[in-house]
Amino acid sequence: MRAKSSASKPSDAKLTGLFLDMLAAEQGAGPNTLDAYRRDLTDFSEFLGRVGHSFADAETQTLRDYLADLDTRGFKSTSVARRLSAMRHLYRFLLNERIRSDDPAAILSGPKRGRGLPKVLSISDVDRMLRRAKELSESAEASPSKRLRALRLYCLLEVLYATGLRVSELVALPRTAAKRDARMIVVRGKGNKERLVPLNEASRQAMADYLAATEAAKENNKGEKKKDGLAAAKWLFPSFGESGHLTRQHFARDLKELAVASGLQARLVSPHVLRHAFASHLLHNGADLRIVQTLLGHTDISTTQIYTHVVEERLKSLVRDLHPLAER
């Protein structure tokens with residue numbers, strides 16, 4: 001039976017817009033997060049339209065029918081769970097704004113799923129990439145421009161593995177992050193929240209070498225009329241693109257090329273995989289899970305708990321290797 005229409009009911013498009021405005025203003029959601037919510041809610045709205053409903057009048061059973069429809073269309077359990085999460089957030093918003101007097105998503109349960117373990121490089125794999133990147137940055141045969149790009153890649157790799165930054169945080173580091181003798185950098189992460197992240201000696205030296213090379217390039221280009229992006233750049237990794245800094249996609253491509261040059265499979269390497277390696281290697285060597293949570297910028301400890309398998313394996317090793325009765 002088709003739901004009764006009402007001129008007073010706001011459209012799904014309007015409610016989606018209000019919801020996304022709230023996410024951006026109150027929770028600091030970025031463009032990628034907003035686009036993901038918009039796509040999910042647009043698909044949900046199209047389904048509701050086909051069955052004669054809207055956000056404002058859909059009932060719990062209709063929401064269940066939508067989840068069943070996703071399953072029929074072959075959506076993975078992770079994708080279904082994400083759509084359910086978007087619906088729950090939307091209806092909590094509509095309830096709080098008194099657009100609805102109930103929350104039809106409150107009692108819905110998601111698909112049973114195990115959280116997949118992240119792909120992780122071994123310590124020796126990361127060492128191979130770091131050694132190869134350093135070799136390329138020190139090549140005497142490379143042209144000045146190639147050497148500068150190699151120094152940039154080596155710097156990116158050292159800083160990423162030393163800090164575990166998100167790739168969006170890494171490429172958008174300000175030039176001031178590399179100031180002399182800095183032991184910590186201030187990172188602005190999700191939700192515009194700031195956190196302090198320590199640097200090790202290798203990452204500080206890589207930034208110093210890279211900055212020295214950019215200054216030398218600036219001096220060499222002084223006589224040229226073309227725009228010098230390195231001269232006035234506020235970014236540590238500047239580019240001529242719209243953002244003014246190196247893009248995530250560009251860094252990811254360079255990283256895959258480096259992986260191949262290091263004898264690794266390109267499909268196994270990405271900036272996010274290196275972030276996982278940072279966290280896993282810290283935990284393997286005895287770091288506290290809460291400390292890793294802080295360094296990664298996770299708001300909720302449950303997000304960091306995907307690494308508990310590393311902690312469990314380390315505890316097993318400790319008992320096996322150190323317990324006085326282990327050999328009995």
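Visitor: Which residues is Asp-254 in contact with, leaving aside its neighbours within four places in sequence?
Guide: Asp-254 touches Arg-152 and Leu-153, where contact means heavy atoms within 4.5 Å. Residues are numbered from 1 along each chain as its sequence is written, and side-chain values use heavy atoms, with hydrogens and water left out.

Visitor: Why is Asp-254 called buried?
Guide: Its relative accessibility is 18%. Buried means under 20% relative accessible area, exposed over 50% and partly exposed in between, with a 1.4 Å probe and protein chains only. Asp-254 is therefore buried. Asp-254 belongs to helix 9 (residues 248-261); helices (H or I, at least four residues) and strands (E, at least two) are DSSP runs, numbered from the N terminus.

Visitor: How confident is the predictor on average, and where in the chain is confidence lowest?
Guide: The average pLDDT of the chain is 84, and 85% of the residues reach at least 70. Helix 13 (residues 308-322) is lowest with a mean of 55, while helix 5 (residues 123-137) is highest at 96. Residues 1-7 have a pLDDT below 50, and this stretch has 8 contacts beyond near neighbours in sequence. Residues 225-231 are also below 50, with 10 such contacts. Where pLDDT is low, the predicted coordinates should not be read in detail.

Visitor: Which residues does UniProt list under "active site"?
Guide: The unreviewed UniProt entry places this feature at Arg-166, Lys-190, His-272, Arg-275, His-298 and Tyr-307. UniProt positions follow the numbering used here, feature names are shortened, and annotations may be inferred rather than shown by experiment.

Visitor: What makes Arg-166 buried?
Guide: The relative accessible area of Arg-166 is 13%, so the residue counts as buried. Arg-166 sits in the loop between helix 6 (144-163) and helix 7 (167-171). Leaving aside neighbours within four places in sequence, its contacts include Lys-190, Arg-275 and His-298.

Visitor: Is His-272 buried or partly exposed?
Guide: His-272 has a relative accessibility of 47%, so it counts as partly exposed. This residue is found in helix 10 (residues 271-284).

Visitor: What makes Arg-166 and Glu-169 a salt bridge?
Guide: Their closest N and O atoms are 2.6 Å apart. A salt bridge is a side-chain nitrogen of Lys or Arg within 4 Å of a carboxyl oxygen of Asp or Glu, so the name applies. Glu-169 is buried, at 6% relative accessibility.

Visitor: How many salt bridges does the whole structure hold?
Guide: A search finds 16. In one of them, Arg-83 meets Asp-40 at 2.7 Å, N to O. Arg-83 is in helix 4 (residues 77-96) and Asp-40 in helix 2 (residues 31-50), so this pair links distant parts of the chain, 43 residues apart. Both residues are buried.

Visitor: Where do Glu-215 and Arg-175 lie?
Guide: These two side chains meet in a salt bridge of 3.1 Å, N to O. Glu-215 lies in helix 8 (residues 201-220) and Arg-175 in the loop between helix 7 and strand 1, so the pair ties together parts 40 residues apart in sequence. Glu-215 is partly exposed at 33%, whereas Arg-175 is buried at 18%. Elsewhere, salt bridges that share partners join Asp-40, Asp-43, Asp-69, Arg-73, Arg-82 and Arg-83 into one network.

Visitor: How many bridges join strand 1 to strand 2?
Guide: There are 5 bridges between strand 1 and strand 2 (residues 194-198), which run antiparallel. Two strands pair if DSSP finds at least two bridges between them, so strand 1 and strand 2 pair. Met-184 stands opposite Pro-198 in strand 2.

Visitor: Why is Arg-98 called exposed?
Guide: The relative accessible area of Arg-98 is 78%, so the residue is exposed. Arg-98 lies in the loop between helix 4 and helix 5, and its phi is positive, near 60°. Most residues other than glycine have a negative phi.

Note on methods: This is a predicted model: local features need pLDDT of at least 70, side-chain atom pairs count only at pLDDT 80 or more; totals for chains, interfaces and linings use all residues. pLDDT is the predictor's confidence in each residue, from 0 to 100.
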